[in-house]
Amino acid sequence: MNGNSKSAIEVMYTNLPNDKPGFSNPLGESLGVLAQKMHIHQLHPNGNNLIHLQRKVQVWIDSHLNMDHLRRVSACTVSQSATHIEVLLYQWVYFGKTLGRVAPGATRAFLVFDELIWKVLYHYPSFLSRDMAAGRAEVVDGLCKYLRTPKEERSDATWLISAMEDEMRALGVGVEDMAIIIFHLYISINTNARKTVFWPPTEKETDKAFDGESLVDPFYIQDPQNCPIVDAVWHETLRIAGWSASIRLITKDTVVGGKLMPKGHRVMVPHRLQHFDEAVFGEETHAFRSDRWLKTDGLGGKDLTKSPSWHPFGAGKTLCSGRFLARFSVTTFVATLLRRFDIEAVGNPSFPEGDEGRPVLGIISIKEGQDFNVRLTARARP
Ligand code: HEM
């Protein structure tokens, strides 16, 4: 699945001098190890990089989630009339405008790949995974075109993409290998947040973040004091739809609960199972009940987000560095959508069930064939 050349893997995992130019490297680590720190540098609220990215997300959503734009993007439109539109939505933020220009089919190709990613996890043989491989190849090819475009033409890319590229070029990593490495980063960015965008209306609570149609203060929505229902619905969505797991290498023979876990094997920690523990999360853990997260009327005032059983973004050293951006993007998107449109299901579909049997790397998909169209009608405001 990785697809990188042996030489690229070697160069990515060879320790580098601690005085190398570019991203600081006090411990003299390899670029493969530094990449994790670069993600955190881009995505943690402590620095300035996250806020730049959040602003880009906000501007992207503002300029794309409106009737005029949706009408123009005919490729996403299922049907439209003078008053309504039926659409599919998607976005480019990390790579600036260039990727969409040089590889216009890559978004759809990624969605095909992403729904079939379980074939990778099950090590499906290549003759049974041509559909998945074709989607992957198209995105990697698009990333090659992107990386071959002169850098000055893509100065709107985010810090992380630009810095990773500089570091890899400095080590002599070739374009195809860079594209594959960035593709794996692309999976982390795009697979989960897009599937987290289904949750019930909370429009009243987010009112104060808007001036008319415009979301003027997206950070208002991030604060649970201002928007406790948004906060509760976000957590309940992650609980119900999250299939997070952490994988660890066993470095010495270890006995847990009488079972020997031999050195050299890998162990998977399926956090999802903990999220359905009624002793922690209360009754009916298979039902969507966001009130369990409301500290005032939830489980005896307990803050469930502090529970040791709560790991929607994994844990420890590999804890998801995109968790702040994920919440920001999803809540900004949904709040803007609900502010601007009335949304109606087309026909009388049942609410889709989560496809719990299909392995994913975060948020589960809905069962095949249960997707349905929604009709968006611009809201009339006094
Ligand atoms: C609702 C959305 C998301 C969910 C549920 C999610 C979940 C996860 C999970 C379960 C892991 C593995 C943790 C482990 O191994 O212990 C992970 C890793 C990661 N995620 Fe996310 N993620 C989401 C969104 C994002 C976004 C938007 C980004 C980037 C902008 C991102 C970047 C990453 C990265 C870079 C890693 C690897 C962390 C490391 O090993 O250092 N994620 N994510």
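In the protein, 65% of the contacts with a separation of 6 or more join residues 24 or more positions apart. Two residues are in contact if their C-beta atoms, placed from the backbone, lie within 7 Å. The model is predicted: local features need pLDDT of at least 70, side-chain atom pairs count only at pLDDT 80 or more, and totals for chains, interfaces and linings use all residues. Residues are numbered from 1 along each chain as its sequence is written.

The protein has 16 helices and 10 strands. These are DSSP runs numbered from the N terminus (helices H or I, at least four residues; strands E, at least two). The radius of gyration is 22 Å, close to the 21 Å that the globule rule gives for 382 residues, so the protein is as compact as a globular protein of that length. The radius is taken over C-alpha atoms, and the rule is 2.2 Å times the number of residues to the power 0.38. Along the principal axes, the C-alpha atoms fill a box of roughly 60 × 60 × 45 Å. Of the 382 residues, 32% count as buried. Buried means that 20 or more other C-beta atoms lie within 10 Å of the residue's own, exposed that 12 or fewer do, and partly exposed lies in between; C-beta atoms are placed from the backbone.

Helix H13 (residues 228-241) has 14 residues. Its first and last C-alpha atoms are 20 Å apart, close to the 20 Å expected at 1.5 Å a residue. The expected span is 1.5 Å times one less than the number of residues. In H13, 12 of the 14 residues are buried, so the helix is largely enclosed by the rest of the structure. Among them are Asp231, Trp234, His235, Glu236 and Arg239.

Helix H2 (residues 31-43) has 13 residues, which should span 18 Å; its end C-alpha atoms are 18 Å apart, in agreement. Leu31, Leu34, Ala35, Met38, Gln42 and Leu43 are buried in H2. Seen down the helix axis, these residues fall within an arc of 165°, so they line one face of H2. The arc is that of the directions from the axis to the C-beta atoms. Their cover includes helices H1 (6-12), H3 (49-64), H9 (159-170) and H16 (323-340).

H2 also gives three residues to the shell around the ligand, the largest share. Of the 24 residues around the ligand, Asn192, Ser246, Gly314, Cys320 and Gly322 come nearest. A residue counts as near if its C-beta atom, placed from the backbone, lies within 6 Å of the molecule. H2, helix H10 (175-191) and H16 each give two or more residues to this shell. The shell holds 11 nonpolar, 13 polar and no charged residues. Ala, Val, Leu, Ile, Met, Phe, Trp, Tyr, Cys and Pro count as nonpolar, Asp, Glu, Lys and Arg as charged, and the others, Gly among them, as polar.
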